[in-house]
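Good morning, and thank you for coming.

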Amino acid sequence: MTQGPEREKDEVFKTLTQGRRFMEEILRENERLRYKILHLEQEAIKSGGMGVPRGNLAEENKALREQLDTISSRFSTLAKESEDFLQRYRDMERQNENLLNLYVSGFQLHSSIRQEDVLAVISEILLNLVGADVFTLWLVNQSHGRLEVASLNDEDGVLGKEAPPLAHGILKEVGEGRNWEPETAEAGQPLMAIPLQIESRTVGVLAIYRLLTQKEGGISALDKDLLGLLAAQSGVALLGSRLFGQLKQELKTL
Amino acid sequence: MNEHKSYRILVVDDSATVRQLIKMVLQKDGAYQLSDAKDGLEALDKLAKGSFDLLLTDVNMPNLDGLGLIAAVRNQLQSSIPIIVVTTRGAEKDRDRGLELGANTYLTKPIDGSALSKAVGKTLGRQG
């Protein structure tokens, strides 16, 4: 999975190394030209008394300065390119990490058929990979269509305990399959709520109320990718585990 | 420094998701033999029986937590193995406590793959 990005990473490294060598050469050339100009200027001063025409030296000096300007400009361009390459490398590293997170999350979500295991994995992903400290996972009860708390991660046990109807407030939007984010943060409101869906049907809602204190910058674009995967895969994983539970129950009664 | 040596790392976390993620992050760096344990007790047992170059541990775990594990490694096993803590506990007092007990590096979750990779490499002297 990581061979492509690894190869690309090596290529970027190679290009950066070549760029650095080229810049070092330019800097050496720059230094040499500066020395030459200094030397020529000294010669010009001396030659004033020796009868050598100053006009030629002035022209040579001008040409050298122009050459120096060109080299400096090329140096700036290369420095900018190096910066771009470095940024691309960093972006690739981030994408690599994101892919790894997505892979591990997807793998773990489907590693068990028991509902409590699937819920535990969802909590582990939210806490350890997204950095969500307080969150609630509601699932729709098939018999009456209302949301019920399936998993609650809050030491105070206050937030997300109530189970509002899916057609109410924030949950109305989520119930219709859209992520919800507040325009301005308000106490008691989630930072984000996402629907868990199976074939465009909302089977649950995940609401994040608070992030770990050390997590900087709020919910990032990468977090949203991961939450999107979580939303898509959790619904299926939870449905699978629920069906498995029902089957086991039916087998017992047979 | 010594790129050819294969370092043995013990990853301790009660979350299978975290253990798998950390192992995959480090596997791509190569040169590591990775073992894991789901709590401090299992880790202590593995450390007593085998030889490891680095211990990577969570703090919040059942049976024996990460802080208890660090104390046991330093006092009971009398081991100077480098220890990196990877935890959700980000408060200054938690960090101080971990380092005071004998951890060498204290990282906080959510897991940052490149920071983890760098910290492991630096601790093992593989990179600056």
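This is a predicted model: local features need pLDDT of at least 70, side-chain atom pairs count only at pLDDT 80 or more; totals for chains, interfaces and linings use all residues.

Let us begin with the interface. How many residues does each chain give to the contact? Chain A contributes 19 residues, and chain B contributes 19 residues. The size of an interface is often given as the accessible area lost when the parts come together. Here, chain A and chain B bury about 1700 Å² between them, and 60% of that area is on carbon and sulfur atoms.

What of the polar interactions? Between chain A and chain B the count of salt bridges is zero. Polar contacts, however, are found across this interface, in nine residue pairs, with both residues at pLDDT 80 or more.

Which elements of chain A supply at least two residues each to the side that touches chain B? They are α2, residues 54-109, and α3, residues 115-130. Of the elements, α2(A) gives the most, with eight residues. By class, this side of chain A has 10 nonpolar, five polar and four charged residues.

I now turn to the cavities. A search of the whole structure finds two cavities of 30 Å³ or more.

The largest cavity holds about 60 Å³ of space. Its lining residues include Leu139(A), Gln142(A), Ile198(A), Arg201(A) and Arg242(A). The elements of chain A that give two or more residues to this lining are β4, residues 201-211, and α5, residues 221-253. The greatest contribution comes from α5(A), with four residues. In terms of class, the lining of the largest cavity has five nonpolar, two polar and two charged residues.

Where does the lining of the second largest cavity come from? The residues of this lining are Glu97(A), Leu100(A) and Asn101(A), together with Leu21(B), Val25(B), Ile111(B) and Gly113(B). The space in this cavity is about 40 Å³. Two or more residues of the lining come from α2 of chain A and from α1, residues 16-27, of chain B. Again α2(A) gives the most, here with three residues. The lining has four nonpolar, two polar and one charged residues.

Let me close with one residue. Thank you for your attention.

Note on methods
Residues are numbered from 1 along each chain as its sequence is written. Chains are lettered from A and ligands numbered from 1 in the order in which they are written. Side-chain values use heavy atoms; hydrogens and water are left out. Contact means heavy atoms within 4.5 Å. Buried area is the accessible area (1.4 Å probe) that two parts lose on being put together, summed over both. A salt bridge is a side-chain nitrogen of Lys or Arg within 4 Å of a carboxyl oxygen of Asp or Glu. A polar contact is a pair of N or O atoms within 3.5 Å; within protein, one must be able to donate a hydrogen and the other to accept it, and residues adjacent in sequence count only if both atoms are side-chain atoms. Ala, Val, Leu, Ile, Met, Phe, Trp, Tyr, Cys and Pro count as nonpolar, Asp, Glu, Lys and Arg as charged, and the others, Gly among them, as polar. On a 1 Å grid over the protein atoms alone, a cavity is a set of points where a 1.4 Å probe fits but cannot get out, and a pocket is an open set with protein on both sides within 12 Å along at least five of seven lines; lining residues have an atom within 4 Å of a point. Grid points are joined across faces, edges and corners, and a volume is the space filled by probe spheres set on the points.
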